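This report goes through some local features of one protein model.

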Amino acid sequence: MHVGIVGAGQLGRMLALAGYPLGVRCLFLDRNAETPGAQVAPSLIGDLEDAGRLAELASRSDVVTFDWENISGGALKPLEKITHVRPPRAALEVSQDRLAEKALFARLKIPVAAHAAIDSKQQLVAATQKIGLPGVLKTRRMGYDGKGQFVLREAAHIDRAWDAIGGTGLIYERFQAFSREVSLVGARSAAGNTVFYPLSDNTHGEGVLRFSIAPFTNVRLQRTAKLYAKRVMNVLEYIGVLAIEFFVVNGRLVANEMAPRVHNSGHWTIEGCITSQFENHLRAICDMPLGSTRPLGHTAMINFLGKMPDAKRLLAIEGLAFHDYGKEPRPGRKLGHCTILKRRSKDRNRALADALKLIEWA
Ligand code: AMP
């Protein structure tokens, strides 16, 4: 099988690595040759929305997928005449717009934060009065990892929020006083079979995932999250791995956003489950049976942001796996991660505390 991947970041790199044992050969498309993906598999060089390059990628692939979900639906559409595009374009398009995403969740009776579309400062003033404060003003499109967001705590800050990210195409949503943030990662095959990983408990800093602990065991929340994810997958006739991030508010799940791809909060599945999210994504899009999502123990995954830690000191922690994405350090950039796998949660927690002492987020 030949898989074309639009975008050659760390997600694409880990997909390509998971493909080798399956006999799946990946080919990337990205802007330059110095990408994490291009270090492990061949890459076409070109703009991610370049029609000629995309057509070449599609014609050399049994299926096209992406590690960057902001590619426009318009750029992908012609590829559907050449080969399979998986996950489907509809899933990509809905996840690109926070308003459309929330509308889909609401239609499927999945709770979301109270929100309003904002295209002017007057609408923002009205929304803060109707929905209340505090709230978060976000760009509807192209926002990720907390970028394009402003937390509004009082009405006096509206001007400041508007100066920071004001314009058209925004959304204002009620701030969620969550007890934790969790995510569900699952896969659906073309035949409609699904598998789901245990929930992951995610800690963010400045809008970026810092570390995840998994499995987060809560039978009720797991069941509900799975139900919600199945609704989304079925209505979109989804094929591949899908991730949904939730806030836990008063013991209930409130959906924040979804990603039509493998997800940072699922990296622990590489060492922590029988089949990783990367392998299951490939299995799903290549029409292979989905693999077991059974966890092998208790894990913690920690992101390396802005600065690589001392590998030797981290590797001295028993049960730790190290992942370097081969990127140039830049403030806030995701450069790698490590995963700790232990049989007992108590030992995992201790090793996590030891590892956190060796990691500095810059
Ligand atoms: P997002 O880009 O929507 O995933 O937001 C990044 C992070 O900002 C989330 O993981 C939360 O920690 C925080 N955040 C976003 N929206 C809200 C909200 N409505 N209420 C509380 N925290 C939020």
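Beyond the neighbours within four places in sequence, Lys 342 is in contact with Gly 297, His 298, Glu 318, Asp 347, Arg 348 and Ala 351. The model is a predicted one. Lys 342 belongs to strand 18, which covers residues 334-342. With a relative accessible area of 14%, Lys 342 counts as buried, because the limit for buried is under 20%. One of the contacts of Lys 342 is with Glu 318, and here the two side chains form a polar contact of 2.7 Å. Another glutamate, Glu 173, is 169 residues from Lys 342 in sequence, and the C-alpha atoms of the two are 39 Å apart in space.

A second residue in a strand is Ser 183, located in strand 10 (residues 180-188). Is Ser 183 buried or exposed? Its relative accessible area is 1%, so Ser 183 is buried. Apart from neighbours within four places in sequence, Ser 183 touches Leu 199, Ser 200, Asn 202, Ile 244, Glu 245 and Ser 265. With Ser 265 there is a polar contact between side chains, at 2.6 Å.

| Helix pair | Angle between axes | Distance between axes |
|---|---|---|
| Helix 6 (residues 121-131) and helix 7 (residues 158-165) | about 135° | 11 Å apart |
| Helix 1 (residues 10-19) and helix 10 (residues 277-285) | roughly 75° | within 8 Å |

The angle between helix 6 and helix 7 makes the two oblique to each other. Their crossing is right-handed. On the side of helix 6, the contact is made by Lys 121, Leu 124, Val 125 and Thr 128, and on the side of helix 7 by Ile 158, Asp 159 and Trp 162. Sorted by class, these residues are four nonpolar, one polar and two charged.

Helix 1 and helix 10 are roughly perpendicular, because their angle of roughly 75° falls in the range from 65 to 115 degrees. Leu 11, Met 14, Leu 15, Ala 18 and Gly 19 are the residues of helix 1 in this contact, and they meet Phe 278, Glu 279, His 281 and Leu 282 of helix 10. The contact of helix 1 with helix 10 has six nonpolar, two polar and one charged residues.

The remaining details concern the backbone. Most residues other than glycine have a negative phi, and most peptide bonds are trans. Which peptide bond has an omega of about -5°? The bond joining Leu 133 and Pro 134 does, and it is cis. Pro 134 sits in the loop between helix 6 and strand 7 (135-139). Another cis peptide bond runs from Arg 86 to Pro 87, with omega near 0°. Pro 87 is in the loop between strand 5 (84-85) and helix 4 (89-95).

Asn 250 is not a glycine, yet has a positive phi of about 50°. This residue is placed in the loop between strand 14 (240-249) and strand 15 (252-259), and counts as exposed at 77% relative accessibility. Asp 287, also not a glycine, has a positive phi of about 60°. The loop that holds Asp 287 lies between helix 10 and strand 16 (298-305). A relative accessible area of 52% makes Asp 287 exposed, because the limit is over 50%.

Note on methods: Residues numbered from 1 in each chain as written. Predicted model: local features only at pLDDT ≥ 70, side-chain atom pairs only at ≥ 80, totals over all residues. Heavy atoms only, no water. Helix = DSSP H or I, 4+ residues; strand = E, 2+ residues; numbered from the N terminus. Buried < 20%, exposed > 50% of the residue type's maximum accessible area, 1.4 Å probe, protein only. Polar contact = N/O pair within 3.5 Å; in protein donor to acceptor, adjacent residues only side chain to side chain. Contact = heavy atoms within 4.5 Å. Axes fitted to C-alpha atoms, helices over the stretch in contact; angles between N-to-C directions. Parallel < 35°, antiparallel > 145°, perpendicular 65-115°, else oblique. Left-handed = near helix turned anticlockwise from the far one by under 90°. Nonpolar A, V, L, I, M, F, W, Y, C, P; charged D, E, K, R; others polar.
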